[in-house]
Amino acid sequence: MSTGTATGRWGHAMQHDTHAGHTDHTDHTTHTDHTGHAQHGHAHMHGEGKVGWGMAAKATLHCLTGCAIGEVLGMIIGTALGWGNAPTMALAITLAFFFGYSLTLWAVVRAGLSLKAAIGVALAADTISITVMEIVDNGVLLLVPGAMDAHLADWLFWSALAFAFFVAFLVTTPVNRWMISRGKGHAVVHQYHH
């Protein structure tokens, strides 16, 4: 509507980079205390709690793009078929999840993952983000007077939809930031971005 493993691997990589200077470990006579090294590695491994808002906003925009494509397409199809609000909204939400997951699938498959593994990554990365986004933006649409009955050619339809997406972005970004800081959500995708 976006990972202890990912951040752990980054931390592990940083730890190896810092220890690259230790080429010879055969003589440990002067190197008996590893306490400093353990703390040093620990700081790298668990210091990821400071996730920037930029990373969270990027993950949210990723999800928002898929959600927007799916929702607009669902509303166009529902309107064209003369469906009522409930089936049109159900189709729009279904397509929002489909396109939200598809964007992640496309990115990680391109990075070399198998389709089966990519599906697992997409589900882990996007499910909570898309769910929050869909609840918020559809909730906003339901609260805006006349938005659900507006037609695709109406200014109210597009302005209400834009407002709903904006509110969903504002609510979902802190959720993504919290999840990424704990190595979950979109953090599982970052190891495949090069």
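Predicted model: local features only at pLDDT ≥ 70, side-chain atom pairs only at ≥ 80, totals over all residues.
The protein chain contains seven helices and zero strands, and its pattern along the sequence reads α-α-α-α-α-α-α. The chain has 194 residues, of which 38% count as buried. Its accessible surface amounts to about 10800 Å², and carbon and sulfur atoms account for 69% of this area.

Helix 3 covers residues 53-80. The helix has 28 residues and spans 39 Å between its first and last C-alpha, close to the 40 Å expected at 1.5 Å a residue. Helix 4 covers residues 85-110 and has 26 residues. The distance from the first C-alpha of helix 4 to its last is 37 Å, close to the expected 38 Å.

The buried positions of helix 4 are Thr 88, Met 89, Ala 92, Leu 95, Ala 96, Gly 100, Tyr 101, Thr 104, Leu 105 and Val 108. In an α-helix there are 3.6 residues a turn, so residues three or four places apart point the same way.

A nonpolar patch on the surface is formed by Leu 73, Ile 77, Leu 81 and Trp 83, which together have about 350 Å² of accessible area. Of these residues, Ile 77 lies in helix 3. Ile 77 has a relative accessible area of 32% and is therefore partly exposed, since this class lies between the cut-offs of 20% for buried and 50% for exposed.

The largest pocket has a volume of about 280 Å³. Its lining consists of 16 residues, and those closest to the centre of the pocket are Thr 79, Asn 85, Thr 88, Met 148 and Ala 150. Helix 3, helix 4 and helix 5 (115-143) each contribute at least two residues to the lining. The greatest contribution to the lining comes from helix 4, with three residues.

Conventions. Residues numbered from 1 in each chain as written. Heavy atoms only, no water. Helix = DSSP H or I, 4+ residues; strand = E, 2+ residues; numbered from the N terminus. Expected span 1.5 Å × (residues − 1). Buried < 20%, exposed > 50% of the residue type's maximum accessible area, 1.4 Å probe, protein only. Patch = residues over 30% accessible without salt bridge, like charges linked within 9 Å, V, L, I, M, F, W, Y side chains within 5 Å. Areas by Shrake-Rupley, 256 points an atom, 1.4 Å probe, with all protein chains shown as cover. Salt bridge = Lys/Arg side-chain N within 4 Å of Asp/Glu carboxyl O. 1 Å grid on protein atoms, 1.4 Å probe; cavity = no way out; pocket = protein on both sides within 12 Å on 5 of 7 lines; lining within 4 Å. Points joined across faces, edges and corners; volume = space filled by probe spheres on them.
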